[in-house]
Amino acid sequence: MSLQKGLVVKTQSGFFTVKTEDGRLLVCRIPGRLKVEHQRHIDLDPDFPPADIVAVGDRVQVAELSSGKGEIEIVEERVRALIRRAPVPGGRDSNPSEQLYKQIIVANPDQAVFVFAVMDPAPSPRMLDRFLVMAEDSALPSVVCVNKIDLAVSMGEPDYPRRVFGLYEDIGYPVVYTSAVTGAGVATLRAVLTGKISVLAGPSGAGKSSLLNAVQPGLGLAVQAVSRATGKGRHTTRVRELIPLCGGGYVADTPGLRGLALWDIEPDELDAYFREMAPLVEQCSFSDCSHTHEPGCAILAAVEEGRIAPERYESYLRLRDEAAELPWWA
Ligand SMILES: Nc1nc2c(ncn2[C@@H]2O[C@H](COP(=O)(O)OP(=O)(O)O)[C@@H](O)[C@H]2O)c(=O)[nH]1
Ligand SMILES: [Mg+2]
Ligand SMILES: [Zn+2]
């Protein structure tokens with residue numbers, strides 16, 4: 001049987017909706033053979049923790065069975081994945097570290113878009129820095145979206161958004177300034193999203209739904225419906241879905257991202273995920289420099305000389321402490 005290539009756009013209770021290259025939607029299952037192979041892999045390779053076999057964003061090859069139905073025969077290798085490590089539900093006894101399960105939130109995302117409001121609610125640089133670290137850890141390009149710039153304008157402070165977020169531009173992150181109310185920057189955001197699989201995250205109230213609706217009518221609502229279904233509530237089914245954009249591309253809202261801890265990251269490797277710090281590390285006098293107190297520390301010198309923003313250094317220290325506090329199963 002000939003196989004068709006496609007993209008997994010929805011997963012729900014063992015059913016996977018695959019969009020084929022000719023644009024049709026097939027509801028697929030995973031044949032038992034694939035599950036057996038996957039389990040054998042887990043059993044043979046101790047470094048291969050259990051993980052979702054198929055997730056939204058996976059590129060797959062399917063065999064079409066009857067109209068509208070199919071079986072996933074091949075899951076292509078993931079370029080990257082946004083992963084949540086969690087203890088295996090109902091955890092077995094034995095060594096807790098063996099119970100880690102890799103939940104794939106989204107496979108093969110092209111970028112993360114982190115939405116924060118200029119005010120109302122006040123932005124949390126710490127939350128943004130933690131998102132950026134997680135994205136760097138997953139080799140995921142990030143875009144910062146600063147919304148509600150109309151509020152700054154109406155206060156007579158049109159430069160305020162750039163004063164707060166400009167430092168991220170200096171570091172090298174693209175920053176888009178938007179208002180879902182006036183429409184400012186919305187065309188730019190639309191262009192950023194078009195043709196890509198984007199993961200959207202940000203604090204509640206920042207205007208994510210409003211912005212998506214401004215980008216494309218109904219988009220915010222569609223994404224919101226999925227996020228609710230993905231939520232942890234007792235009565236919700238676990239649905240994951242990529243919402244298509246008219247001009248091509250997909251958006252995934254991942255409320256779970258907020259709760260992600262830095263489990264994967266060792267305190268000593270955190271400096272690699274702060275873009276402005278990473279290139280300086282090799283100039284520190286000590287190779288195991290923690291950049292907190294050591295003489296001859298290039299990071300401390302850069303903070304002193306204003307080449308590293310004090311807010312970012314503060315985030316580094318806080319996240320370092322956080323990375324040192326491992327959960328019980330790590
Ligand atoms: N002034 C202003 N208010 C906005 C803007 N975008 C969203 N809001 C308002 O902020 C609140 C939260 O928006 P919502 O889209 O639900 O945020 P979400 O929780 O991130 O999805 C709503 O009352 C919106 O009307 C904006 O650009 N400017
Ligand atoms: Mg919303
Ligand atoms: Zn140092």
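This report describes the fold, the central sheet, the ligand shell and some local backbone features of one predicted protein model.

Residues are numbered from 1 along each chain as its sequence is written, and chains are lettered from A and ligands numbered from 1 in the order in which they are written. Since the model is predicted, local features need pLDDT of at least 70 and side-chain atom pairs count only at pLDDT 80 or more, while totals for chains, interfaces and linings use all residues.

**Overall make-up**

The protein has 9 helices and 14 strands; helices (H or I, at least four residues) and strands (E, at least two) are DSSP runs, numbered from the N terminus. Of its 330 residues, 33% are buried. A residue is buried if 20 or more other C-beta atoms lie within 10 Å of its own, exposed if 12 or fewer, and partly exposed in between, with C-beta atoms placed from the backbone. Two residues are in contact if their C-beta atoms, placed from the backbone, lie within 7 Å. Among contacts between residues at least 6 apart in sequence, 65% join residues at least 24 apart.

**The six-stranded sheet**

An open sheet of 6 strands runs in the order β10-β9-β8-β11-β14-β13, with mixed pairing. β10 (175-177) and β13 (243-244) are the edge strands; each has a single partner strand, so one side of each lacks a neighbour in the sheet. Two strands pair if DSSP finds at least two bridges between them. The table lists pairings in the model.

| Strand pair | Sense | Bridges |
|---|---|---|
| β9 and β10 | parallel | 3 bridges |
| β8 and β11 | parallel | 4 bridges |
| β11 and β14 | parallel | 4 bridges |
| β1 and β4 | antiparallel | 4 bridges |
| β4 and β5 | antiparallel | 5 bridges |

Within the sheet, C145 has V176 in β10 as its bridge partner. A112 stands opposite V199 in β11, and L200 is bridged to D253 in β14.

Strand β11 is largely enclosed by the rest of the structure, because 5 of its 5 residues are buried. I197, V199 and A201 point one way from β11, whereas S198 and L200 point the other way. Helix α5 (residues 186-193) lies across β9, β10, β11 (197-201) and β14 (250-253) and runs at about 145° to β10; axes are lines fitted to C-alpha atoms, for helices over the stretch in contact, and angles run from 0 to 180 degrees between N-to-C directions.

**Nonpolar core**

The largest nonpolar core has 75 residues, of which F114 and V251 touch the most other members. Such a core is a set of buried Ala, Val, Leu, Ile, Met, Phe, Trp, Tyr and Cys residues joined through C-beta atoms within 7 Å. Beyond its neighbours within four places in sequence, V251 is in contact with L193, S198, L200, L212, L219, V223, I243 and L245.

**Ligand shell**

Ligand 1 is surrounded by 15 residues, the closest being A180, G207, K208, S209 and S210; a residue is near a molecule if its C-beta atom, placed from the backbone, lies within 6 Å of it. Helices α3 (149-154) and α6 (208-215) each supply at least two residues of this shell, and α6 gives the most, with 3 residues. By residue class the shell divides into 4 nonpolar, 8 polar and 3 charged. Here Ala, Val, Leu, Ile, Met, Phe, Trp, Tyr, Cys and Pro count as nonpolar, Asp, Glu, Lys and Arg as charged, and the others, Gly among them, as polar.

**Strands β1, β4 and β5**

Strand β4 (residues 59-64) pairs with β1 (residues 4-12), where L7 stands opposite R59. In the pairing of β4 with β5 (residues 69-75), A63 stands opposite E71. The hairpin of β4 and β5 has 4 residues between the strands, and G68 takes a positive phi near 85° there.

D120 and P121 are joined by a cis peptide bond, with omega about 5°; P121 is in the loop between β8 and α2 (125-137). N108, although not a glycine, has a positive phi of about 55°. N108 is in the loop between β7 (100-107) and β8 and counts as buried, with 20 C-beta neighbours inside 10 Å. K148, in the loop between β9 and α3, has a positive phi near 70° and counts as buried with 27 such neighbours inside 10 Å.

Y160 is in helix α4 (residues 160-171) and counts as partly exposed, with 16 C-beta neighbours inside 10 Å. Leaving aside neighbours within four places in sequence, Y160 is in contact with V118 and A152. Y160 and V118 are 42 residues apart in sequence and 8.1 Å apart, C-alpha to C-alpha.
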